[in-house]
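User: I'm new to this and would like to learn how to read a structure, feature by feature. Could you walk me through it?

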Amino acid sequence: MKKDFSQTLQETIGISEEDFLEVLKVRSEKGGNIGEILIKKKMVTETQLLEALSIHYDIPFWPQLPMNNIGTEATQNIPIHFLKKYFMVPLESGGQASPPDTPDALNVMAGELIMKDDHQEPGHIIAINDPTCFQPLDDLVRIIKANNFQIVLSTKEAILSAINISYDFSRDSAEQLVQDMEENGATIISEIEDTADLMDDTSDAPIIKLVNHIISQSIKGRASDIHIEPYQDSFKVRYRVDGILYDLLTPPKWIQPALTSRIKVMAKMNIAEKRLPQDGRIELKFGDQDIDIRVSTIPISFGERVVMRLLNKSTSLLELSELGMSPERLKQIKELVASPNGIILVTGPTGSGKTTTLYAVLSSINTPDINIITIEDPVEYQLRGISQIQVNPKIDLTFALGLRSIVRQDPDVVLVGEIRDRETAEIAVQSALTGHLVFSTLHTNDSASAITRLVDIGVEPFLISSSVIAVAAQRLVRVLCPECKEPYIPDDVALETIGITQEQARNGTIHRAKGCQNCLNTGYRGRVAILEMMIMNSRLKSLILKTFDSNKIKEEANMATLRQDGIHKILTGVTTIEEVLRVAQL
């Protein structure tokens, strides 16, 4: 006699009868699936639930699906939404996909579903998340004409990954799309507006398919930028992942004008104007992700150069504790941002994560009892509870003009996207001296150079010493892929170059990049900040009144430098010697 599912849960996970009755009561009142209610109430994890279902229905549970056995033929007939809605995906078997100890026959739902013959390999393996979802599974079997198949249970995450890979493989490759265009060079390219979801765009126009493919591959590769670079007799498409540019595609030169025009149409830019720089914006969905793309074009000798900055609005902003700082540095920053007034500057080159750090800082102090106003160029992420102003030079809304208006809005905290000129710097200083806490960024090499830069802009040294309370310099280093990084002992030359002593090397564990499928064979996945923090104490303030030589200021500050913070991350296995040498000066 088959056990009741509540008994299975009790025996495998320890769910009491009272808890199960509570779940049944919730289902009767609000509807829903028993498994989802159990997970929502945190009585079980998804894995525990699937293990119990596996035992109860005698269906194998595969936590991971074999990605090399994903079927692509089915994608021609099945809408991707159908599979994602019901969390199921067909895999090709051929006898290769089954893990060890998989039973030859599956008793699926008391024999209601088709069972495979003892001497015949299954034609398909269908991974599902809910074994009680009969009708959609029956529809799937009918659509793919699976006379012989096997059912397995898997997690929602594994099934979604398999679906995405399956549909990605079934789409034409970039090279194939280019080849199709070459075969019919007279193809008329229609200027069609982009659909709501990039993955739903089934347009047959080759140039539209090519642009969609470039964007989708860049999103999947975690790229931050896409570069389209024209040369004399060719042009190149590259994308930037974790701060490094990689080649994506090198199509023939004649495709360049059509590709550029398509992007300009999507960004609602003037496609007839090819002599002036233009800026535009594309908003699209990629699956369940909201992507905001800032497009910039400039005219160069051999055509228009296009750069697209990808911003994934679906990802949550980082918290201060997630920036990779040491506990001492984190405590230091929390004390600084609690100051009632003054200027805190973050310095570094473009793309060094200054805005991300400042957003994390603002999020940490964002409470209903303080008024925070920002002026940015551009507003990259919307922060709930914070008023954000977008700079607009076309109507003379500059940092300086916006900042003048902000101080009349009774703010407690002000963020100025960047101090670019004397007027902005002076208003920021005056704001700090009149009781406001001001955050801003500067483009300098290190924290000590920020003082020199402010003086160079035209701010008086006595105003700097009275208003600036701290300057942080920041760089981003790539993080070693946890799946493939390997420990090693560097040679003496490498240790001497970076400044690691033999004793430090013995006490820590130094790793190097290797490369695997999870990190696109780069050896790295993600980035983390290295920082130096110069806090303006009385000695430094007195020195600035006498000199603004950055070398003397740095010597007096006696702080942990970017290089030293990088060494700490090398010795703890976060990054490599090569990465720190790449971004931190000697």
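Predicted model: local features only at pLDDT ≥ 70, side-chain atom pairs only at ≥ 80, totals over all residues.

User: What does the side chain of Asp292 meet in a salt bridge?

Analyst: First the general idea: side chains of opposite charge can pair when their charged atoms come close. Here, the side chain of Asp292 meets that of Arg281, at 2.5 Å from N to O. The pair links distant parts of the chain, with Asp292 in strand E8 (residues 289–300) and Arg281 in strand E7 (residues 278–286), 11 residues apart. Arg281 is partly exposed, with a relative accessible area of 39%.

User: How many salt bridges does the structure hold?

Analyst: There are 22 salt bridges. Take Arg275 and Glu273, whose side chains meet at 3.3 Å, N to O. Arg275 counts as exposed at 68% relative accessibility, while Glu273 is buried at 15%.

User: Now a charged residue without a salt bridge. Which side chain of opposite charge is nearest to Glu532?

Analyst: That's Lys554, 4.8 Å away. The side chain of Glu532 does reach the backbone nitrogen of Leu562, at 3.1 Å. Glu532 sits in strand E18 (residues 524–535). Leaving out residues up to four places away in sequence, Glu532 touches several others, including Arg329, Asp446, Val471 and Met559.

User: Next, helices. Which residues of H13 are buried?

Analyst: Phe399, Ala400, Gly402, Leu403 and Ile406 are the buried ones in H13. They span an arc of only 165 degrees around the axis, so they lie on the same side of H13. What covers them includes strand E11 (372–376), strand E12 (387–390), E13 and helix H14 (422–433).

User: And cores: which residues touch the most other members of the largest nonpolar core?

Analyst: Leu65, Val89, Ile126 and Leu140 do, in a core of 43 residues. Helix H4 (residues 46–57) gives the most to this core, with five residues. Another core, of 38 residues, lies apart from it, and among its members are Phe399, Ile406, Ala425 and Leu543. As for Val89, its contacts beyond four places in sequence include Leu65, Ile125, Ile126 and Ile159.

User: What should I notice about the phi of Asp242?

Analyst: Asp242 has a positive phi of about 55 degrees although it is not a glycine. Asp242 is found in the loop between strand E5 (235–241) and strand E6 (244–249), and it is buried, with a relative accessible area of 10%. Asp410 has a positive phi of about 55 degrees as well. Asp410 lies in the loop between helix H13 (399–406) and strand E13 (413–416), but Asp410 is exposed, at 62%.

User: Last one: how many residues apart in sequence are Pro340 and Asp412?

Analyst: They're 72 residues apart in sequence, yet 8.1 Å apart in space, C-alpha to C-alpha. Pro340 is in the loop between helix H11 (327–337) and strand E10 (342–347), and it is exposed, with a relative accessible area of 64%. Not counting residues up to four places away in sequence, Pro340 touches Gly435, His436 and Leu437.

Conventions: Residues numbered from 1 in each chain as written. Heavy atoms only, no water. Helix = DSSP H or I, 4+ residues; strand = E, 2+ residues; numbered from the N terminus. Buried < 20%, exposed > 50% of the residue type's maximum accessible area, 1.4 Å probe, protein only. Lys, Arg positive; Asp, Glu negative; His and termini not counted. Salt bridge = Lys/Arg side-chain N within 4 Å of Asp/Glu carboxyl O. Polar contact = N/O pair within 3.5 Å; in protein donor to acceptor, adjacent residues only side chain to side chain. Contact = heavy atoms within 4.5 Å. Core = buried A, V, L, I, M, F, W, Y, C linked by side-chain atoms within 4.5 Å. Arc of directions from axis to C-beta.
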